[in-house]
Amino acid sequence: MPGVDFNRLRHEITMEHVLNLLGFEWTRRRGDQWYGYCPVHQSEPKHRTAFSVNVAKACYYCHQCRSCGDQFQLWAEANNTPLHPAAIDLCHRLGTEVPWVRRW
Ligand SMILES: [Zn+2]
């Protein structure tokens, strides 16, 4: 399977797109930094802010399960799939054309 151009895809699919698909709702918010329950692991009710995400920088981190990365890694981790098929799945769900890496 050809590669996916993640640099191009980053402009098409944002962290907010992925958070919306995951049904994420923040419990605390400070500007671009959002906090809430972790979409990757099952957060206990007391860990309301275990998961933190910067929507402007498109990076997340969970203090509980230590999962971290960008919006594509988040989708992959939350669905327990490898990064490459996860990115293609995201494109299909959001109606975005997959930016394949073309051979020279
Ligand atoms: Zn977590």
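I take helices, of at least four residues, and strands, of at least two, as DSSP runs numbered from the N terminus. The model I am reading is predicted.

Entry 1, overall make-up. I counted four helices and five strands in the protein. From the N terminus I read the order of elements as α-α-β-β-β-β-β-α-α.

I looked up the box filled by the C-alpha atoms along the principal axes, and it is roughly 50 × 25 × 20 Å. The radius of gyration is 14 Å, which agrees with the value near 13 Å that a compact globule of 104 residues would have. Buried residues account for 25% of the 104. I also checked contacts between residues at least 6 apart in sequence: 42% of these join residues at least 24 apart.

I then followed β4 to β5, which run antiparallel and are joined by two bridges. Which residue in β5 is the bridge partner of Y61? I found C68.

I went through residues 71–79 and noted Q71, F72, L74, W75, A76 and E77 as buried. I next asked what covers these buried residues of α3. The cover includes the helices α1 (6–12), α2 (15–21) and α4 (83–94), together with the strands β4 (59–62) and β5 (68–69). After α3 comes N80, and I read its phi as positive, near 55°.

Terms used:
Residues numbered from 1 in each chain as written. Predicted model: local features only at pLDDT ≥ 70, side-chain atom pairs only at ≥ 80, totals over all residues. Buried ≥ 20, exposed ≤ 12 C-beta atoms within 10 Å, placed from the backbone. Contact = placed C-beta atoms within 7 Å. Pairing = 2+ DSSP bridges. Rg over C-alpha atoms; globule rule 2.2 N^0.38 Å.
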